[in-house]
Amino acid sequence: MTVAAVLLAYAACVGTLGARLLGQAKWTARAPLLAIVTYLTAAWSVVVALGLAGLVLAVHATALGGGLSHLIGACVLRLRATYATPGGATVAGLGLILAGSVAARSVLAAVGHLRAIGQQALRHAQTARLVGRPDPALGAVLVEHPEPAAYCVAGRHPTVILTTGAVAALSAGQLDAVLAHERAHLAGRHHRLLAMARIGRQVLPFLPVMREAEAQVARLIELHADDAATRSRDPETLATALVVLAAGASPATALAAAATDTVQRIHRLLRPAEPLGRGRRRMLRATAAGLALTPVLLALAPAVLALALGRVPGA
């Protein structure tokens with residue numbers, strides 16, 4: 001019961017205060033990929049903590065430290081003892097409902113979201129290839145449209161799509177920078193990172209950290225693609241291209257060069273901040289790792305303690 005309460009408290013704290021602390025952090029724009037990992041780890045650690053809390057309520061925490069056969073045997077013994085006490089069956093039942101609900105919502109949200117996004121991306125890529133024409137020199141599909149736009153569609157047929165308006169409005173250097181930005185999205189599997197954030201929000205939409213993770217990951221993947229595109233290119237060139245593309249439109253399922261926080265990105269490209277130091281990066285990586293491991297360590301703590309004291313649960 002104590003372990004479950006601690007796990008629930010952890011989920012509540014990270015789910016509410018975590019969003020505020022990460023939202024106030026100034027370092028995220030200086031290390032976008034590390035910030036994405038931190039947001040996703042925080043969000044999904046809440047899901048794991050809630051699931052484990054339900055499991056601990058249904059099965060004594062010390063049973064979680066053994067193998068499957070030991071867990072099943074310990075479950076039988078513990079459940080008999082639990083159900084024999086007043087209210088024990090109710091607590092165990094609530095635990096099973098919590099764990100089952102979290103697991104079911106996670107699976108259903110993941111399957112539903114990935115299927116819908118995959119189908120939309122496939123249809124859009126196929127349509128773009130039908131109405132447009134592949135340009136091997138650019139490595140993109142050109143679509144006749146006067147409005148300047150550039151975006152990519154991931155999935156089974158990853159495609160970078162350019163309008164003829166973008167080709168006409170951008171210089172050769174600007175076009176190269178924009179294409180590098182879109183290729184960075186595809187190479188970095190940014191659509192998967194965004195999907196993880198969106199699925200997390202669907203699982204627990206009432207928690208601020210889930211909503212914040214979705215919004216911030218959408219912003220941070222653009223910053224990460226900007227960084228990749230300007231490693232060997234002039235940042236001012238990409239900034240100028242973003243101004244040109246800012247008026248363009250792109251599909252909801254696409255990752256567009258000028259889709260998110262264009263003004264902030266332009267300022268960031270024109271006035272780049274100092275990168276994070278090695279020591280601070282290590283500290284932030286350790287924080288992300290701690291967020292990932294904490295729910296599991298909390299759930300297994302009684303089993304580890306029992307083993308350290310030489311007591312075998314259920315023996």
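**Burial, cores and a pocket**

Student: Which residues of helix H10 are buried?

Tutor: In helix H10 (residues 262–270), Thr262, Arg265, Ile266, Arg268 and Leu269 are buried. These residues lie on the same side of H10, because they cover an arc of only 160° around the axis. The arc is taken from the directions that run from the helix axis to the C-beta atoms. Buried means under 20% relative accessible area, exposed means over 50%, and partly exposed is in between, with a 1.4 Å probe and protein chains only. Helices (H or I, at least four residues) and strands (E, at least two) are DSSP runs, numbered from the N terminus.

Student: What kind of model is it, and how are residues numbered and side chains treated?

Tutor: It is a predicted model, in which local features need pLDDT of at least 70 and side-chain atom pairs count only at pLDDT 80 or more, while totals for chains, interfaces and linings use all residues. Residues are numbered from 1 along each chain as its sequence is written, and side-chain values use heavy atoms, with hydrogens and water left out.

Student: What covers the buried residues of H10?

Tutor: The cover includes helix H2 (32–58), helix H6 (172–187), helix H8 (208–229) and helix H9 (235–245). Threonine 262, which lies in H10, counts as buried at 14% relative accessibility. Not counting residues up to four places away in sequence, threonine 262 touches Leu242 and Ala246. Contact means heavy atoms within 4.5 Å.

Student: Stepping back, how many helices and strands does the chain have?

Tutor: The chain comes to 11 helices and five strands. Of its 315 residues, 44% count as buried. Among contacts between residues at least 6 apart in sequence, 72% join residues at least 24 apart.

Student: Which residues touch the most other members of the largest nonpolar core?

Tutor: That core has 46 residues, and Leu7, Trp27, Ile36, Val46, Leu204, Met210 and Val217 touch the most other members. Helix H1 (2–24), H2, helix H4 (88–131), H7, H8 and helix H11 (278–308) each supply at least two of its residues. H2 provides the largest share, 15 residues. A separate, second core of 24 residues includes Leu142, Leu170, Leu186 and Leu245. A nonpolar core is a set of buried Ala, Val, Leu, Ile, Met, Phe, Trp, Tyr and Cys residues joined through side-chain atoms within 4.5 Å.

Student: What is valine 217 in contact with, leaving aside neighbours within four places in sequence?

Tutor: On that basis, valine 217 is in contact with Ile36, Tyr39, Leu40, Leu193, Leu194 and Ala197.

Student: And where is valine 203?

Tutor: Valine 203 is in helix H7 and counts as buried at 2% relative accessibility. Apart from neighbours within four places in sequence, valine 203 contacts Trp44, Val47, Arg105, Ser106 and Ala109. Valine 203 and alanine 110 are 93 residues apart in sequence, with 8.9 Å from C-alpha to C-alpha.

Student: Is threonine 41 buried or exposed?

Tutor: Threonine 41, in helix H2, counts as buried at 15% relative accessibility. Leaving aside neighbours within four places in sequence, threonine 41 is in contact with Ala288, Leu291 and Ala292.

Student: Changing topic, how much space lies in the second largest pocket?

Tutor: About 340 Å³ lies in the second largest pocket. Of the 18 residues that line this pocket, Ala29, Arg30, Asp227, Arg268 and Ala273 are the closest to its centre. H2, H8 and H10 are the elements that give two or more residues to the lining, and H2 gives the most, with three. A pocket is an open set of points on a 1 Å grid over the protein atoms alone, where a 1.4 Å probe fits, with protein on both sides within 12 Å along at least five of seven lines; lining residues have an atom within 4 Å of a point. Grid points are joined across faces, edges and corners, and the volume is the space filled by probe spheres set on the points.

Student: Where is proline 272?

Tutor: Proline 272 lies in the loop between H10 and H11 and is exposed, with a relative accessible area of 60%. The C-alpha atoms of proline 272 and aspartate 227 are separated by 10.0 Å, and the two residues are 45 apart along the chain.

Student: What is phi of arginine 189?

Tutor: Phi of arginine 189 is near 50°, a positive value in a residue other than glycine. Most residues other than glycine have a negative phi. Arginine 189 is in the loop between H6 and helix H7 (190–203) and is partly exposed, with a relative accessible area of 42%.
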